[in-house]
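Please bring up the sequence and the model, and keep both in view while I talk.

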Amino acid sequence: MPQIRKILVANRGEIALRIMRTAREMGIATVAVFSEADRTSPHVRYADEAVCIGAAPSSESYLNIDKILKVCADLGVDAIHPGYGFLSENAAFAKKVKEAGLIFIGPSPESIEVMGSKLAAKQAASKYNIPMVPGTPDAIDDRDEAKRIANNIGYPILIKASAGGGGKGMRVVENEAEFDEQMDRAVSEAQSAFGDGSVFIEKYITSPKHIEIQVLGDHHGNIIHLFERECSIQRRHQKVVEEAPSISITPEIREEMGRSAVDVARSCNYYGAGTVEFIMDENRNFYFLEMNTRLQVEHPVTEMITGVDLVKEMIRIAEGQPLAIAQEDLQIRGHAVEIRVYAEDAANHFLPDIGTLHTYVKPDGNGVRVDDGFEQGMEIPIYYDPMIAKLITYGDDRETAIRKMVRAIDEYHISGVQTTLPFCRFVMLHEAFVNGSFDTNFVGRHFDPDVLSTKTDSEVAGLAALISVLMKDTSPESKPVQNEEVYANASKWKARRFAAH
């Protein structure tokens, strides 16, 4: 079996740092590649070696395959870890890495290609009787036939790009009168975003939960799942809050969903770390959505509840080693919550913000983890995803993890750009989140930008519910007083703490 001695991380920011830290623990040297915009980034300093590969635009740097492979040849690199985003799900890149005699720390090019097409993925998974959302098995361009199918399925329906992701090329159609306009938009967006205008039709699940299962597979045919993550708090079809395990599913559904996820991975001979995504309707029927053939942004919550270092397992698998753990070895311990700290203005339709981090003070303490790639004084570049950090909290139970998250958000101080921290605090204290009744429509149904400057009834109800559980307080008369004290104390403490910054 090959032994990896030096890894090039073909990525930037927090995920590059996260991979490098595990590599260092394993005694493996690391190489950072960076653009001109990231010259002063922490991941560049952390790596054993670092090479600038181009100008700020990702097309001239992080997406330049030839430059990345040249750095590998020049520095004697054994393997490449792609992280997430950029080239992580590019089958052509994975193939070129192998052709260059390097190890790709991820799945095979064939697996990436199959699961990169939603239609091909469904066709592969269908061999294992995986539950599917009613819809077309193939891409469709005949308008009349498409309308006939939509009528048979029943409106509302969803037109989706076959090669899509991140909500691009996705349109909800409420009735036949809207069909042509939404079809044109979906095809245009798909062509623009992915260079592939093919679309298909699915029944639109109106109030879904978005639940995903982490899987690991090795080169010896062993595949396991590491339970689920709840990812239903989203904006623009992209996740903002994740947690593990999900409050929404029973142990029986967990077992069934885990088995389905393993079968999806088996359908494409998968190895490495991957995530199988499902949607679940209000009756707890779940359906296969897609598979992400890479490490997910939200992987830390799985690590927290299982104790498994997913990056370490990815490296071991890439070396040809069998999985170090079996399904029966795994159990859920405690609860973890993650929020994505984006440089976005939630009060202005979550529009990205750019600027300098004049103040950047991270929270810490028991059960708090921050994965980030920025420091005070750095600029948020316009060229890349606006995520600043991931804030993760862990507790013995869900209520404790949420309380820790509220505390950590209050300790996290960022100035110079608008962030999603106030929105995430709003989520943590909202009654629908606390009691688990939320779904992917949370933002549209519950979020009013004006509430970020004031306490709301739902915040008070949510915090009251948490306090009631944690303090075992059943006295209704005392709850408003406790809430006011919590808010007042947080406000005074924060004002004193940051007066010096």
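Predicted model: local features only at pLDDT ≥ 70, side-chain atom pairs only at ≥ 80, totals over all residues.

Residues are numbered from 1 along each chain as its sequence is written, and side-chain values use heavy atoms, with hydrogens and water left out.

The chain has 17 helices and 22 strands, where helices (H or I, at least four residues) and strands (E, at least two) are DSSP runs numbered from the N terminus. Of the 501 residues in the chain, 56% are buried, and here buried means under 20% relative accessible area, exposed means over 50%, and partly exposed lies in between, with a 1.4 Å probe and protein chains only. If we take the contacts in the chain with a separation of 6 or more, 66% of them come from residues 24 or more positions apart, a contact being heavy atoms within 4.5 Å.

What about disulfides, meaning pairs of cysteine sulfur atoms within 2.5 Å? The structure has zero of them.

Let us turn to the helices, and to one pair in particular. Helix α4, residues 91–99, packs with helix α5, residues 109–116, at an angle of about 175°, and their axes are 8 Å apart; the axes are lines fitted to C-alpha atoms, for helices over the stretch in contact, and angles run from 0 to 180 degrees between N-to-C directions. That makes α4 roughly antiparallel to α5, since angles over 145 degrees count as roughly antiparallel, under 35 as roughly parallel, 65 to 115 as roughly perpendicular, and the rest as oblique.

Which residues of α4 and α5 meet? On the α4 side they are A91, A94, K95 and K98, and on the α5 side P109, I112 and E113. Sorted by class, this contact has four nonpolar, no polar and three charged residues, where Ala, Val, Leu, Ile, Met, Phe, Trp, Tyr, Cys and Pro count as nonpolar, Asp, Glu, Lys and Arg as charged, and the others, Gly among them, as polar. As a general point, an α-helix has 3.6 residues a turn, so residues three or four places apart point the same way.

Helix α6, residues 118–125, is largely enclosed by the rest of the structure, because six of its eight residues are buried; among them are K118, L119 and K122. Helix α10, residues 299–306, is mostly covered, with seven of its eight residues buried, including H299, E303 and T306. After α10 comes G307, whose phi is positive, near 75°.

Now to the loops, beginning with the one between β11 (238–244) and α9 (251–267), where we find S248. Is S248 buried or exposed? S248 is buried, with a relative accessible area of 6%, and its side chain makes a polar contact with the side chain of E230 at 3.1 Å. A polar contact is a pair of N or O atoms within 3.5 Å; within protein, one must be able to donate a hydrogen and the other to accept it, and residues adjacent in sequence count only if both atoms are side-chain atoms. Leaving aside residues up to four places away in sequence, S248 touches K209, E230, M280, R284 and G436.

R284 itself sits in the loop between β12 and β13, and its phi is near 65°, a positive value in a residue other than glycine. E282 is found in the loop between β12 (272–280) and β13 (286–292) and counts as exposed at 66% relative accessibility. The C-alpha atoms of E282 and S248 are separated by 9.9 Å, although these residues are 34 residues apart along the chain.

Finally, please look at two prolines. The peptide bond from A244 to P245 is cis, with omega near -5°, and P245 lies in the loop between β11 and α9. The peptide bond from Y155 to P156 is also cis, with omega near 0°, and P156 is in the loop between α7 (143–153) and β6 (157–165).

Technical notes. Disulfide = S-S within 2.5 Å.
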